[in-house]
Amino acid sequence: MAYQSINPFTNQVEKTFENTTDEELEQTLTTAHQLYLDWRKYNDLEERKRQILKLAQILRERRVEYATVMSKEMGKLISEAEGEVDLCASFCDYYVAHADEFMQPKIIATTSGRAKVLKQSLGILVAVEPWNFPFYQIARVFIPNFIVGNPMILKDASNCPASAQAFADAVKEAGAPAGSLTNLFLSYDQVNKAIADKRVAGVCLTGSERGGATVAKEAGANLKKSTLELGGNDAFIILDDADWDLVEKVAPAARLYNAGQVCTSSKRFIVLEKDYDRFLKMMKDAFSKVKMGDPLDPLTTLAPLSSKKAKEKLQKQVDTAVENGAKVYYGNKPVDMEGQFFMPTILTDITPDNPIFDTEMFGPVASVYKVSSEEEAIELANNSSYGLGNTIFSNDSEHAERVAAKIETGMSWINAGWASLPELPFGGVKNSGYGRELSSYGIDEFTNKHLIYEARQ
């Protein structure tokens with residue numbers, strides 16, 4: 001596996017990184033394990049909090065620099081990349097502010113004696129992370145686990161090595177001790193070797209179903225805790241009492257943000273029959289107005305896809321959909337520009353027997369479905385092997401919540417596109433994975449809930 005930073009706008013190789021040797025992996029495991037033992041012995045929570053606050057300062061001071069690295073490496077719009085850096089800094093603020101509360105022992109009510117549960121670190125974690133949010137994906141697993149006292153080994157996607165190394169270098173610059181976060185350019189065999197190592201306590205992965213199944217199998221075989229976030233095919237349901245001004249403002253961006261390369265972006269738009277034509281015209285109008293170009297140019301509104309491979313995969317998916325009866329309402333034409341651009345596309349008439357019906361399309365392609373009732377909308381939303389996120393538009397909050405409760409998903413947003421905030425738990429069900437990141441739920445995933453009990457004499 002070659003770790004290369006290839007600019008998807010220019011198609012030029014920016015930098016190539018040498019693969020990690022087995023000896024380097026072993027040294028990292030040794031260093032990280034000793035750090036875990038030191039943290040368990042001395043419980044330097046206050047020092048870790050200071051280091052995370054310093055990391056927030058570094059991220060904010062160098063946000064343009066870090067954003068530029070991400071934009072050049074995976075094509076993200078510079079404004080979106082700067083927002084990503086800001087979000088990571090907010091994670092730092094949040095976990096430092098709540099660290100004492102989250103790590104506080106919990107008193108257990110019992111008449112038989114005295115009992116409490118301590119939250120303690122487990123050990124080294126292996127993080128396998130994707131390319132679509134090069135800083136955010138690392139930050140949302142690293143920061144809470146650093147607070148807990150779990151050192152982390154990072155295996156990032158092979159096409160965003162510069163971003164991964166930049167984040168790891170920022171952590172080091174913030175004063176975190178060696179072993180806190182080590183970015184390694186690992187092969188998949190080395191990932192399995194690390195998971196199997198007795199010094200490793202768990203593994204967290206964001207990626208494909210195939211990658212998640214492989215990692216979960218290895219973790220299970222070695223009795224290691226794992227959390228997985230494996231993508232989604234999120235529904236965007238427009239109820240009869242929706243605010244259409246708001247729908248028109250949110251729906252296009254819910255699909256096109258980050259060039260559609262978001263696990264929780266809306267991909268299946270479910271619209272009542274009476275609003276179907278209106279919605280299609282609105283989306284076509286918005287999609288036709290995007291400006292493709294250099295992601296570093298503030299005037300660009302749609303960036304290229306992350307790689308040639310990603311573009312080819314998406315085109316093959318659209319072709320498969322059409323071959324099996326889907327209709328192209330808009331788009332699906334070649335883009336005469338250098339770079340991995342994909343024309344925003346709207347597909348209709350996708351039937352349940354179409355192979356794309358239950359497939360995640362990672363790019364600016366919207367699938368629009370027509371339903372005759374709210375009940376049919378709910379049934380269609382649930383007819384998916386995925387269950388990550390879901391969006392519902394309604395002017396009646398209680399109505400929207402009732403519908404949300406019927407959707408088989410890990411997260412539902414009402415009258416808004418997807419969002420990620422430090423205080424909100426993130427994760428899904430079904431083939432979208434298991435476990436939660438962010439909020440207090442995220443800090444609990446890799447802690448030992450250690451019961452201390454003294455029986456009444």
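These questions and answers walk through charged and aromatic side-chain contacts in a predicted model.

Me: How many salt bridges does the structure hold?
Reply: Side chains of opposite charge can pair when their charged atoms come close. In this predicted model, the number of salt bridges is 24.

Me: Which residue forms a salt bridge with K193?
Reply: Start with the helices. K193 lies in helix α7, residues 188-196, and its partner lies in helix α1, residues 22-42, so the pair ties together parts that are 171 residues apart in sequence. The closest N and O atoms are 4.0 Å apart, and the partner is D22.

Me: What separates K49 and E46 along helix α2?
Reply: The two form a salt bridge, with the closest N and O atoms 3.1 Å apart. Both sit in helix α2, residues 45-61. They are 3 residues apart, so the separation is about one helical turn.

Me: Which helices does the salt bridge between R63 and E82 tie together?
Reply: The side chains of R63 and E82 meet at 3.4 Å, N to O. R63 lies in residues 63-74 and E82 in residues 78-103, so the pair ties together parts 19 residues apart in sequence. These helices are α3 and α4.

Me: Is E82 buried or exposed?
Reply: The cut-off for buried is under 20% relative accessible area. E82 has 18% relative accessibility, so E82 is buried.

Me: Which residues are linked with E26 in a network of salt bridges?
Reply: This network holds E26 and two further names. The residues linked with E26 are D197 and R199.

Me: How is the aromatic pair of W39 and F146 arranged?
Reply: The model has 21 aromatic pairs. In the pair of W39 and F146, the ring centres are 5.4 Å apart. The planes stand at 90 degrees, and over 60 degrees is the cut-off, so the pair is edge-to-face.

Me: How many residues apart in sequence are W39 and F146?
Reply: Both residues are buried. W39 lies in helix α1 and F146 in helix α5, residues 136-148. The pair therefore ties together parts whose separation in sequence is 107 residues.

Me: How is the aromatic pair of F91 and Y136 arranged?
Reply: F91 is in helix α4 and Y136 in helix α5, 45 residues apart. Both are buried. Their rings are 5.9 Å centre to centre, with 50 degrees between the planes, and the pair is tilted.

Me: Which residue lies over the face of W39?
Reply: W39 belongs to an aromatic cluster with Y66, F135, F142, F146 and F167. A charged side chain also lies over its ring, at 5.0 Å from the ring centre, and that residue is R48.

Me: What is the distance from K284 to the ring centre of Y329?
Reply: K284 lies over the face of Y329. The distance to the ring centre is 5.8 Å.

Conventions: Residues are numbered from 1 along each chain as its sequence is written. This is a predicted model: local features need pLDDT of at least 70, side-chain atom pairs count only at pLDDT 80 or more; totals for chains, interfaces and linings use all residues. Side-chain values use heavy atoms; hydrogens and water are left out. Helices (H or I, at least four residues) and strands (E, at least two) are DSSP runs, numbered from the N terminus. Buried means under 20% relative accessible area, exposed over 50%, partly exposed in between (1.4 Å probe, protein chains only). Rings of Phe, Tyr and Trp (its six-membered ring) pair if their centres lie within 6.5 Å; planes under 30 degrees apart count as stacked, over 60 as edge-to-face and the rest as tilted. A charge sits over a ring if NZ of Lys or CZ of Arg is within 6 Å of the ring centre and within 35 degrees of the ring normal.
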